[in-house]
Amino acid sequence: MVHSAGIQDRDGAKPVLRALVTRFPGLQLIWADGGYAGQLVTWVATVRQRTLVIVKRPRHAQGFQVMPWRWIVERTCGWLNRSRRLRKDFEALPETTATWIRIAMIHLMVRRLAARA
């Protein structure tokens, strides 16, 4: 789901989580960045009956450090940035950006599947 930049991440998370739980009803555990801490954790527990775990950076960490579950998202964003169309957001509508993200991921998966054949 793609939102405009004017929507705070915590506010934009609620419709994303609604759609996620509807599409994947068996999903019980959700990991999120530290920017989602606070009332969203309580909202997910009470309204969605799911567990939202905030993946935090260790206090003793210095410099760059790979965070086990957050790295999946960072890596995916890196793959998407290989797509020229997605390097800069030129689209007027969030739906158009979402479509280009889907096209870029389909392209990535088709290339990986073709390499195995």
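Which residues make up the largest nonpolar core? In this predicted model, local features need pLDDT of at least 70, side-chain atom pairs count only at pLDDT 80 or more, and totals for chains, interfaces and linings use all residues. Residues are numbered from 1 along each chain as its sequence is written, and side-chain values use heavy atoms, with hydrogens and water left out.

The chain holds five helices and two strands. Helices (H or I, at least four residues) and strands (E, at least two) are DSSP runs, numbered from the N terminus. From that end, the elements run α-β-α-β-α-α-α. The C-alpha trace spans about 45 × 35 × 35 Å along its principal axes. Of the 117 residues, 19% count as buried. Buried means under 20% relative accessible area, exposed over 50%, and partly exposed in between (1.4 Å probe, protein chains only).

The largest nonpolar core has nine residues: Ala-13, Leu-17, Ile-30, Ala-32, Leu-40, Trp-43, Val-44, Leu-52 and Ile-54. Such a core is a set of buried Ala, Val, Leu, Ile, Met, Phe, Trp, Tyr and Cys residues joined through side-chain atoms within 4.5 Å. Helix 1 (9-23), strand 1 (29-32), helix 2 (39-47) and strand 2 (51-54) each supply at least two of its residues. Helix 2 gives the largest share, three residues.

On the surface, Arg-75, Arg-82, Arg-111, Arg-112 and Arg-116 gather in a patch of positive charge. Patch residues have over 30% relative accessible area and no salt bridge, and like charges are joined within 9 Å. A salt bridge is a side-chain nitrogen of Lys or Arg within 4 Å of a carboxyl oxygen of Asp or Glu. Helix 5 (residues 94-116) provides the largest share of the patch, three residues. Arg-116 lies in helix 5. Arg-116 counts as exposed because its relative accessibility is 73%.

Definitions and conventions: Patch = residues over 30% accessible without salt bridge, like charges linked within 9 Å, V, L, I, M, F, W, Y side chains within 5 Å. Areas by Shrake-Rupley, 256 points an atom, 1.4 Å probe, with all protein chains shown as cover. Lys, Arg positive; Asp, Glu negative; His and termini not counted. Charge placed at Lys NZ, Arg CZ, Asp CG, Glu CD.
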